Amino acid sequence: MQVEVAAATADQEPILANLIELYAHDFSEIADLRLDSSGRFGYAALPLYWQESNRYPFLVKVDGALGGFVLVKRGSEVSADESVWDVAEFFILRGYRRRGIGIRAAHEVWRKFPGPWEVRVSQRNQAARAFWSGAVAAFVGATVEASVREAGGKRWHVFSFDTEPARSN
């Protein structure tokens, strides 16, 4: 399968908004997410990905079909380090999971933005913690232990790593 991570254009914002609804639905099992009066979860920060220069939206395509999305931003949500790249949101459709597609998409994103990275995972999201542990280890070539941090009233497992050394692989 061919996996492509393509920058999402402003006219593709409605596509991302639709995918975010699927993501939020999945996530609502472990997070306190509520539907609004129109029956949507919504994502207030989505328009910022075309308005602010430190945010980058991507669509993930699998053999040319939509398979998910990645939202990347500059600046840590847990350490206040503005130089860190952050995986703000990451979603692969259920039908494409456990096939290596998410790992390939994550690696492609990390190659696009060399430097220090943080991947935050909610303490309640054990499946995501296992996924990110494997994805980061495969990218850097070694196990990266997550640190536990609190921010915004939430407890996070944070994988911190640098993509510079991995770029030479």
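**Fold, helices and cores of the predicted model**

Ala80 is exposed, with a relative accessible area of 58%. The model described here is predicted. Ala80 sits in the loop that links β3 and β4. Its phi is positive, about 65°, although Ala80 is not a glycine. Arg98 is another non-glycine residue with a positive phi, near 60°. Arg98 belongs to the loop between β4 and α2. At 81% relative accessibility, Arg98 also counts as exposed, because the cut-off is over 50%.

The strands form an open sheet of seven, in the order β1-β2-β3-β4-β5-β7-β6. Pairing within the sheet is mixed. β1 and β6 (147-151) stand at the edges. Each has a single partner strand, so one side of each lacks a neighbour in the sheet. From one strand to the next, the twist averages 35°. β1 and β2 run antiparallel and are joined by five bridges. Within this pair, Val5 has Val60 of β2 as its bridge partner.

Helix α2 packs on the sheet. It touches β1, β2, β3, β4, β5 and β7, and its direction makes about 45° with that of β1. α2 has 12 residues, which should span 16 Å at 1.5 Å a residue. The end C-alpha atoms of α2 are 17 Å apart, which agrees. Its buried residues are Ile101, Gly102, Ala105, Ala106, His107, Val109 and Trp110. α3 lies across β4, β5 and β7 and runs at about 10° to β7.

Nonpolar side chains tend to be buried together in soluble globular proteins. In this model, the largest nonpolar core holds 29 residues. Val72, Phe90, Val109, Trp110, Trp117, Val119 and Trp132 touch the most other members. Elements giving two or more residues to this core include β1 (3-7), β3 (65-74), α2 (101-112), β5 (116-122) and α3 (126-140). Val109, buried in α2, touches Val5, Val70, Val72 and Trp117, leaving aside residues up to four places away in sequence.

A second, separate core has 12 residues, among them Leu16, Leu19, Ile20 and Tyr23. These four are also buried residues of α1, together with Glu21, Ala24 and Asp26. The buried residues of α1 pack against β2, β3 and β4. Helix α1 covers residues 13-27. Its 15 residues should span 21 Å at 1.5 Å a residue, and its end C-alpha atoms are 20 Å apart, which agrees.

How values were computed. Residues are numbered from 1 along each chain as its sequence is written. This is a predicted model: local features need pLDDT of at least 70, side-chain atom pairs count only at pLDDT 80 or more; totals for chains, interfaces and linings use all residues. Side-chain values use heavy atoms; hydrogens and water are left out. A nonpolar core is a set of buried Ala, Val, Leu, Ile, Met, Phe, Trp, Tyr and Cys residues joined through side-chain atoms within 4.5 Å. Buried means under 20% relative accessible area, exposed over 50%, partly exposed in between (1.4 Å probe, protein chains only). Contact means heavy atoms within 4.5 Å. The expected span of a helix is 1.5 Å times one less than its number of residues. Two strands pair if DSSP finds at least two bridges between them. Axes are lines fitted to C-alpha atoms, for helices over the stretch in contact, and angles run from 0 to 180 degrees between N-to-C directions.
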